[in-house]
Amino acid sequence: MINWVNKYLQNYYNQKDLWLNSLGESLKELASILHIDEILNQIPKHCDQLILIPHHFLHLLPLHALPVNHNAENSRCLLDLFAGGVSYAPSCQLLQQVQQRQRPNFQSLFAIQNPTEDLNYTDLEVQVIQSYFNTSNVLKKTAATLTAINNTDLNTYHCAHFSCHGYFNLTNPGKSALILANAPIADTPTKPDSERYLNLRAGETHDLEKCLTLDRIFSLKLEKCRLVTLSACETGLIDFNNTSDEYIGLPSGFLLAGSKAVVSSLWTVSDLSTAFLMMKFYENLQTINSVSFALNQAQQWLRNLTTEKFEALLDQYHPQIEEIFAQLPEEKRPVARAILRITCKRKPHPFAAPFYWAGFTATGL
């Protein structure tokens, strides 16, 4: 197990293409190492919901996507077996707190939309999601600042959706953050190794004083919040070196702040597939009362989506997608169109690979 995890993390951080292309086979190996089929035989057949409280580095892995009976003719995943969904919890104690929270309403939305203005499909994602709520407050692009969030009474909203970049700080989890507008700085700081500054990508530095850090999340009041969705990269990662039973990460921060459930990601996700996954997830929530089941259903939908149905979705949202392309710098438009063409050539199911659908997890209830 230790050898498998070390190889997985080394590939993820140092050889991303190898990690991505081998993810499916790696999950088969993990299922075998964990004896997942033997464990499932011990679970009563009438059990329709699975809540996992992983230990140590298992929090980093998409256990819901583990293949079961993978030698059988019809390959299935763990999430296929439970009609009530597969979800996660940081600890039994926090799970018990969440179970006591009554959050019957799901009518008002607070959203952060593309604060760094470099996520092509975020605008479409939030636009569609917003249509499912009676009232909404969406902070778009440059308006999505930490000051604006601080001036918003988050305690009045049933759902908070953050469609932005995320970052997890392995050495100092409290400095993990959701990246907001005004955070990128033009000049490299005199002390680039300072805890205040984050080098998220080559040539880019962000000021954490202008981001929503985990330290700040702990102090939020989300007493009416049923769901926080972190539609961003690596928002579900945790401090796996911590020896305590309860992990530290962005999901546990939002749960401790009052939310009943948090949806977050385990890796650097695709902007395109994430947008369609989130749109389907919120559509499901209109008729499904369980966050984990609504997410699992959206993941099954995306992984089984045919090329023909995906092309039909592109036609349906053609005006919005053209508007997105029109806002891109002229030199980036051909690349954006090429990505869509390449995606449509992945037949018969363009998003079948676990990378596209398995990265998001539901924590809480």
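In helix α9, the residues Leu250, Pro251, Ser252, Gly253, Phe254, Leu255 and Ala257 are buried, where buried stands for under 20% relative accessible area, exposed for over 50%, and partly exposed for what falls in between (1.4 Å probe, protein chains only). The model is a predicted one, in which local features need pLDDT of at least 70 and side-chain atom pairs count only at pLDDT 80 or more, while totals for chains, interfaces and linings use all residues. Residues are numbered from 1 along each chain as its sequence is written, and side-chain values use heavy atoms, with hydrogens and water left out.

Helices (H or I, at least four residues) and strands (E, at least two) are DSSP runs, numbered from the N terminus. Helix α9 spans residues 250-257, and because 7 of its 8 residues are buried, this helix is largely enclosed by the rest of the structure.

Next, the strands. Strand β15 (residues 261-265) pairs with β16 in the antiparallel sense over 5 bridges; pairing requires that DSSP finds at least two bridges between two strands. Within this pair, Val262 stands opposite Thr363 of β16.

Which residues does Ser264 touch, not counting residues up to four places away in sequence? They are Leu230, Thr235, Gly236, Pro251, Gly359, Phe360 and Thr361, with contact taken as heavy atoms within 4.5 Å.

A nonpolar core is a set of buried Ala, Val, Leu, Ile, Met, Phe, Trp, Tyr and Cys residues joined through side-chain atoms within 4.5 Å. The largest such core has 83 residues, and those with the most contacts inside it are Leu227, Val263, Trp267, Phe281, Tyr282 and Phe310. Helix α10 (residues 271-284) gives the most to this core, contributing 8 residues. Apart from this core lies another, of 30 residues, including Ala160, Leu180, Leu214 and Cys225.

Finally, the cysteines. How many disulfides does the structure hold? There are 0, a disulfide being a pair of cysteine sulfur atoms within 2.5 Å. For Cys92, the nearest cysteine sulfur, that of Cys47, is 15 Å away; Cys92 counts as exposed because its relative accessibility is 58%. For Cys159, the nearest cysteine sulfur belongs to Cys225, 6.5 Å away, and Cys159 counts as buried, at 0% relative accessibility.
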